[in-house]
Amino acid sequence: METYLPLTVKLFGASCIIIALSVMFYILDKRTTFKNLSHSYKQIIIGVLFGAAAIFSTEFGVDIGGATANCRDAAALSAGLLFGPQAGIIAGLIGGVERYLAAAWGVGEYSKLACSLSTVLAGFFAGFLRKYMFDNKKPTVVFAFSTGAIMEVIHMTVIFLTKLSDPVKAFHIVKICSMPMMLVNGLSVMLSTLAITLLAKRKKTGKEKKERSISQLFQTPLLAVIVLSFILSTTFTYFVQTSYSLNYAKETLEVNIKDIISGAEKYPDKINEIADRHIGKSGFVFIADSNGKIVSNSTEFNNKDLNATLKGIESARPDTVFNGEINGESYICEYTRLINPKVTIATVLPSEEVYSERDDMSYVNTHVEILIFAALFTVIYFIVKEIVVKKIRLINKDLGRIINGDLETKIDVYSSSEFASLSNDINSTINTLKQYIAEAAGRIDKELAFAKNIQHSALPNIFPNRPDFDIYATMDTAKEVGGDFYDFYMNHSKKLNLLIADVSGKGIPAAMFMMRAKSELKGFAELDIPIDEVFTNANEGLCEGNDAGMFVTAWQAQVNLENGAVDFTNAGHNPPVIKRAGEPFTYLKSKAGLVLAGMEGFKYKKQSFQLEPGDIIFLYTDGVTEATDKNNDLFGEERLLDTLNNAEFDTMQDICRIVKEAVDEFVGDSPQFDDITMLAFKYIGTEPIPSIESEKASIDDIPKVTEFVETELEKYGCDIKTINSINIVIDEIYSNISKFAYGENGGPVKVQVHKKKSHNSIELIFTDEGRPYNPLMKSDPNITLSAQEREIGGLGIFMVKKIMDEIKYEYIGGKNILTMEKKI
Amino acid sequence: MTVNTIKNAGAITIEISGRIDTTTAPQLEKEVNDNIAGVSELIFDFKDVAYISSAGLRVLLTAQKVMNQQGKMKIVNVSKDIMEIFDITGFADIMDIQRS
């Protein structure tokens, strides 16, 4: 051992370079721009520099009997284990090739092949371990040391294998180099790893301890078991061989003693000659006389005192093996005392000779065992990794996909019954989950559709057929339910309220807020208070409990249908479009107030303008102007004006349809982002409808009524056929009222006729105050019966229905009102 | 409405002009009833009829039912507009109607 220490210390000079390089590259890669280099470049630079460290180790190695002890392998190992397989292989190749060539300038010629091969091997070995065993992470210090030590065992084995023709010298070299090389290389790699580990830990302080992987957890006990097995088997072999060697020595000593005794019995005088022999290779015999003086032929010890020469003999019993010492060297000895001649015969064998075979065998055994156990460790490690860890990773990877939302992923690991059951369990769990999700989605869809239904039915969707105005509105929601809405209704002072509004946001929350806004506005508007006060009051209501911070833009007008005067208030809504009779559509410039629910206490302003018969107001939400095509261009206010001005329309329904078509065409396949809501209103005015009345309905009035209607119809240029048809209708309805509406005393009837401008049709209205009677409820006669079977009567209403295009019956305020329309 | 009845042996032709409606239908009904006894052929000439309402149709139907028992009935010189009324009421199917 005492020879190892200075050797080891000397070798550490080179290992310091390896440690320094490891620290340097670690810091470069973590804290400087070096990390931005491509992986290959980094590997090459690291590989080359560690190769240089390997060369340094070679040149400053320590020559031991023709072989060079050094830490060259540690350079390749550190590069490979700590920085990557490619770096390790490059460093190994550089170090190995240089070691081979270095023999030319005097570096250990004897083992040049073995040493260069080992270094190359070290590079590959480290790369392999890093990639396949340590999952491209640096190893722990224990594994770093083991790798270094085992590499040197391999190195020694390679020396042996390349020098099989000269095993004695090879063995000699191995015996000297083995321990220091294992220590130096193991420690070098270990210290490099330790330095980096410490640096990494310092950086990570404060972070919670990283969980270790199964293979890491498995490594340590496996290593402990392997090391324990190794120590046990080595110790056992050592003791067996020691005992065997002792036994062998004892037999040798005893055989010689017996031989000398039997010789002495025959020739007592010649005992010295008999005893002058070699025992084993370098053992010999002492003969001492009765005074204990050595008398045998061995000149060196002649005449000396046996007890003084062979230390240990005094306390030893005769005929037993004992450990003696001659000139400070250890011997295995046995002695016996003879009576005739009276002498002491002591046989000795040097301990070194006795144990040399044991020591040699131990060396070989230890090396072989290290290799076997290292291989065993690696194989067991890989088997576990292959059977368990890899499969778990596979499952984890699929689970990761599932967690990221891909519920179609199937776990497909059936390599063992445990994994098969795990896979099946996970798959069935996911299936159940999928089922629940589908059910929940279905429920939500149903509820959304229901909500949409409620929302749509809250908006007026029956458009009154009125002589004094024409109105139409549409709403297309982007999601199932939206935040847009429109409204129109008469308040008590017979002003027509027109409203368009847009709630911030979309979906259920917007729809709920929309319902609130709608009822607030309508509630106040029906109180017949000015429109600005309607908004101011509604704003107060909407601000209350508006924790969600929603708001509404709204534009509402109150139209006096009798004179066309309009009052309106704008709460941050898009400007409406107005068309004056005979002029193009233009935006109505107005001052916009704050959005509703925006701020408590806001006072809205009323603005006014005058409508003339024929004027049109077009209201819309930003869903129209901000509809986007695939290039993200907006439909825009210009395009809306162009569309309206180029539209060929008769009714307000036409306008809404044309605008919607234009928006749809513009948007193309792009998704609809916002609700699209429109309301078109045309003011026609309330000229009194021409009428003829009778206090007491009678069929005798019919010619008079017919004449009145004919006169009116001729004003509109109606043809004779239309006039005749209308006359039939008058005849049928008037005679019905005369005969059936009242009892004996009769009652009043009024007939009105006019042309509806908005629909280009003739409207005929009968009003009586008789008993409620809806002629539309009367079933049609069967007109397929034969003349004999057919009933007389019932044909009148049937003919009216056939002649007129539209018939509506209302019973309002005790009056039967029958309104009929015929297109002309 | 004016009505003119031409008798010719067992056949009579009733020429009508103007409107057949609630007020005039009773006049036509009376004309038919006065002349229909023993007639084997009844012809209505609609050459100058402007329109006919359900009251007029009722007179025609009543006459048709009588004539079914004792002979035949015809409506001639029916204008396009009047024909429409006969068509929509199904009268075209049960009466012998000739277009003008």
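Domain bounds here come from an automatic or database domain assignment. Keep in mind that this is a predicted model. For chain A, the assignment gives domain 1 (4-204), domain 2 (244-357), domain 3 (459-683) and domain 4 (691-823). If you take the C-alpha centres of domain 1 and domain 2 of chain A, they sit 51 Å apart.

Now for the charges. Side chains of opposite charge can pair when their charged atoms come close.

Start inside one helix. A:Asp398 and A:Arg401 form a salt bridge at 3.6 Å, N to O. Both belong to helix α11 (residues 351-403) of chain A, three residues apart, or about one turn of the helix. A:Asp398 is buried at 13% relative accessible area, while A:Arg401, at 40%, is partly exposed.

Next, A:Lys518 pairs with A:Asp487, with 3.5 Å between the closest N and O atoms. A:Lys518 is in helix α13 (residues 507-525) and A:Asp487 in strand β8 (residues 484-490), both of chain A, so this pair ties together parts 31 residues apart in sequence. A:Lys518 is buried at 11%, and A:Asp487 is buried too, at 1%.

What about a pair that crosses between chains? B:Arg19 and A:Glu710 form a salt bridge whose closest N and O atoms are 2.2 Å apart. The link runs from strand β2 (residues 11-20) of chain B to helix α18 (residues 702-715) of chain A. Here B:Arg19 is partly exposed at 27%, whereas A:Glu710 is buried at 15%.

Notes: Residues are numbered from 1 along each chain as its sequence is written. Chains are lettered from A and ligands numbered from 1 in the order in which they are written. This is a predicted model: local features need pLDDT of at least 70, side-chain atom pairs count only at pLDDT 80 or more; totals for chains, interfaces and linings use all residues. Side-chain values use heavy atoms; hydrogens and water are left out. A salt bridge is a side-chain nitrogen of Lys or Arg within 4 Å of a carboxyl oxygen of Asp or Glu. Helices (H or I, at least four residues) and strands (E, at least two) are DSSP runs, numbered from the N terminus. Buried means under 20% relative accessible area, exposed over 50%, partly exposed in between (1.4 Å probe, protein chains only).
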